[in-house]
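The entries below follow the order in which I looked.

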Amino acid sequence: MKIISDELCTGYSRPGHPERPARISLTQQRLRTQTELPITWAEPGPVEEATLLHAHAPEHLARLNVPEDFDSDTPFHAGIADYARTSVGAALEALRSAREGELVFSLMRPPGHHATRRTAMGFCYLNNIAIAALEALATGVKRVAVYDFDVHHGNGTEDILLNRAGAAFFSVHQSPCYPGTGLGNVGNNCFNFPTRPNTPREEHRAVLTRALDQLKKFKPELLAVSAGFDAYAHDPLAQGTLEVEDFYWLGKSIRALSLPVFSLLEGGYSRDLPELILAYLKGLDGK
Ligand SMILES: [Zn+2]
């Protein structure tokens, strides 16, 4: 299992904000000290401006340098444009690795799935997964699917991939919940699977399976996963019910598709995040 991460992505924070550096540093520590899963570490790759512009408006890229908060969830931080770009660089490196047949996970912040073509929101500044999916399409992949199991709807990914030929988006998320979108399917390629707060975990798993079954029908060559761990029963931000073994099951279910796949960290705010990620990686690895 290849983990793409760096030491610098913990360099920004706002006191009391749930999207905090310890999410990454504690997971790095956990993965380094465990012995069950063989891991290799890699650094984020370079990012071309043109690659970002496949997904984002030029005005949005310029706005990331303006020192004003985007909204109350999404503060401006000194250097946030560079942090966000590095997180994109990790997604692109994950894409490359997946295309070479490697198992790979990007352990970075900021996350990306709420960032729309024109707006930073929901702790997200640039949409890592949409940028990587569009880069795949621009470089020879014919059909790419994005599977998003974060408890929040990936509204930004939907906004960017909507009706894009060759791309399809499948999101399982709580509703009602932030950001309030994803109540039904949109366009010809965005498939939403809302679940009620406190949906029993067996039922939630059945919905996750239904979304994967629909994804299979799209017959993707490549799968990109927005891996959010906030549908966990003890996550402070939503009312999910999944347990650690459900994230292992998710990894195994994704492995069973036998597709080149890369996963990017989205949400997950409980102190058990390192265990949840490790369980998912073990499932992906077929342990
Ligand atoms: Zn989330």
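Is aspartate 69 buried, exposed or partly exposed? The model I consulted is a predicted one. I found aspartate 69 to be partly exposed, at a relative accessible area of 38%.

**Entry 1: the partner of aspartate 69.** I noted a salt bridge between the side chains of aspartate 69 and arginine 14, with 3.0 Å from N to O. This pair joins distant parts of the chain, since arginine 14 sits in the loop between β1 and α1 and aspartate 69 in the loop between α3 (58-63) and α4 (80-99), 55 residues apart. Arginine 14 also counts as partly exposed, with 37% relative accessibility.

**Entry 2: glutamate 7 and arginine 32.** I then turned to glutamate 7, which forms a salt bridge with arginine 32; their closest N and O atoms are 3.2 Å apart. Glutamate 7 belongs to the loop between β1 (2-4) and α1 (22-33), while arginine 32 is in helix α1, so the pair ties together parts 25 residues apart in sequence. I recorded glutamate 7 as exposed, at 52% relative accessibility, and arginine 32 as partly exposed, at 46%.

**Entry 3: glutamate 36 and lysine 282.** I looked up a further salt bridge, that of glutamate 36 with lysine 282, where the closest N and O atoms are 2.6 Å apart. Distant parts of the chain are linked here: glutamate 36 is in the loop between α1 and β2 (40-42) and lysine 282 in helix α9 (residues 273-285), 246 residues apart. Glutamate 36 counts as partly exposed, its relative accessibility being 41%.

**Entry 4: the cysteines.** How many disulfides does a search of the whole structure find? I recorded 0. Cysteine 124 is in no disulfide, and the nearest cysteine sulfur, belonging to cysteine 177, is 13 Å away. For the reasoning I needed the cut-off, which requires the two sulfur atoms to be within 2.5 Å.

I found cysteine 190 buried, with a relative accessible area of 1%. Cysteine 124 is buried as well, with a relative accessible area of 1%.

Definitions and conventions:
Residues are numbered from 1 along each chain as its sequence is written. This is a predicted model: local features need pLDDT of at least 70, side-chain atom pairs count only at pLDDT 80 or more; totals for chains, interfaces and linings use all residues. Side-chain values use heavy atoms; hydrogens and water are left out. Buried means under 20% relative accessible area, exposed over 50%, partly exposed in between (1.4 Å probe, protein chains only). A salt bridge is a side-chain nitrogen of Lys or Arg within 4 Å of a carboxyl oxygen of Asp or Glu. Helices (H or I, at least four residues) and strands (E, at least two) are DSSP runs, numbered from the N terminus.
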